[in-house]
Amino acid sequence: MGCEHNVSVFKEPRGFIKIAELVFVIVAFSVLASYKETVTIEEPSYSGVFTVKYAFGDDDLFFEPPRPTNISTGRYRASGSFYEFVGVAAFLYVIGIGACYVFLEVKLPAERLCDVMQDFVVTAILAFFWLVCSSVWAQAADGVPSIVDDLYVGLDSSASKPSYGVLIVAVILGFLNFFLWAGNCWFVLKETQWFRSRKKAYAETKPFPRQAEAKDEPAAEA
């Protein structure tokens, strides 16, 4: 017997947006984790190669052959690591909740094994984490060039420097993930029993137009 599954959930907003989240999450943490820039420097005072790469620790910004320096280069390592942590956590959650929707709800849909309220809470938490890590990384992306400038002290101003465009792209992708996950909160909230019960109660207390007219007719006849 084949494994029962239900992929029609991905035609619903809560399922379709999970696919979008998965794509953006993978792109975001892959862009930053794969960052590496190497430039060749040919100056009268120094000839060699300078490298800057993720995770921006003390060993990730260096000259080869080494130049003497007493500058600490690892101050933004935590920022990059936090960004990657949020990305991996979001990736694992999307995979887990997607598998839950596809393989578990088809067996006992009435039991709601994938509790929608829990999904809403976790989605809201991850949206908040994306906002925080993107803001933190935005500061780091602005600070990394300053560290490089300090390391270049003593070299000619025309010496080749690495490109930082990928760092800015990571910032943009982080905030896009925030808006995507925050928007998903609304679609998941609409699926919760709490939201549905309040909507039903509101519909029951609000009279339909014909009912309202029927109530007004006796008063008009009097």
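A salt bridge is taken here as a side-chain nitrogen of Lys or Arg within 4 Å of a carboxyl oxygen of Asp or Glu. By this criterion D149 forms a salt bridge with K161, with the closest N and O atoms 2.7 Å apart. The pair links distant parts of the chain, D149 lying in helix α3 and K161 in the loop between α3 and α4, 12 residues apart. The structure is a predicted model, in which local features need pLDDT of at least 70 and side-chain atom pairs count only at pLDDT 80 or more, whereas totals for chains, interfaces and linings use all residues. Residues are numbered from 1 along each chain as its sequence is written, and side-chain values use heavy atoms, with hydrogens and water left out.

The protein chain has six helices and three strands, where helices (H or I, at least four residues) and strands (E, at least two) are DSSP runs numbered from the N terminus. Along the sequence these elements follow the pattern α-β-β-β-α-α-α-α-α. Of the 222 residues of the protein chain, 36% count as buried, a class defined as under 20% relative accessible area, with exposed meaning over 50% and partly exposed in between (1.4 Å probe, protein chains only). A contact is scored when heavy atoms lie within 4.5 Å, and residues 24 or more positions apart account for 69% of the contacts in the protein chain with a separation of 6 or more.

With strand pairing requiring that DSSP find at least two bridges between two strands, β1 and β2 pair in the antiparallel sense over seven bridges. These two strands form a hairpin with four residues between them, and K36 has K53 in β2 as its bridge partner. Strand β2 is also joined to β3 by four bridges, the two strands running antiparallel, and F50 stands opposite F63 in β3.

A nonpolar core is defined as a set of buried Ala, Val, Leu, Ile, Met, Phe, Trp, Tyr and Cys residues joined through side-chain atoms within 4.5 Å. The largest such core has 45 residues, and those with the most contacts inside it are F50, W130, W137 and W181. At least two residues of this core are supplied by each of α1 (13-33), β1 (36-42), β2 (47-53), β3 (61-64), α2 (77-104), α3 (116-151) and α4 (165-189). Helix α3 gives the most to this core, with 11 residues. The surroundings of W130 can be given in detail: leaving aside its neighbours within four places in sequence, W130 is in contact with V25, A28, Y83, V86, G87, A90, G174, N177, F178 and W181.

Charged residues were examined next. Side chains of opposite charge can pair when their charged atoms come close. The structure holds three salt bridges, including the D149 and K161 pair already described. In that pair, D149 counts as partly exposed at 37% relative accessibility, and K161 is likewise partly exposed, with a relative accessible area of 40%. Another salt bridge is formed by K18 with D119, the closest N and O atoms being 3.6 Å apart. This pair links distant parts of the chain, K18 in helix α1 and D119 in helix α3, 101 residues apart. K18 is buried, with a relative accessible area of 2%, and D119 also counts as buried, at 1% relative accessibility.

The side chains of D60 and R77 likewise meet in a salt bridge (3.6 Å, N to O). Because D60 lies in the loop between β2 and β3 and R77 in helix α2, the pair ties together parts that are 17 residues apart in sequence. D60 counts as buried at 10% relative accessibility, whereas R77 counts as partly exposed at 42%.

A contrasting case is provided by E43, which lies in the loop between β1 and β2. With Lys and Arg counted as positive and Asp and Glu as negative, and His and the chain ends not counted, E43 is buried yet has no salt bridge, the nearest side chain of opposite charge, R67, being 10 Å away. Leaving aside its neighbours within four places in sequence, E43 is in contact with D156, S158 and A159.

Finally, with a disulfide defined as a pair of cysteine sulfur atoms within 2.5 Å, the count comes to zero disulfides. Among the cysteines, C133 counts as buried at 0% relative accessibility, and C185 counts as buried at 11%.
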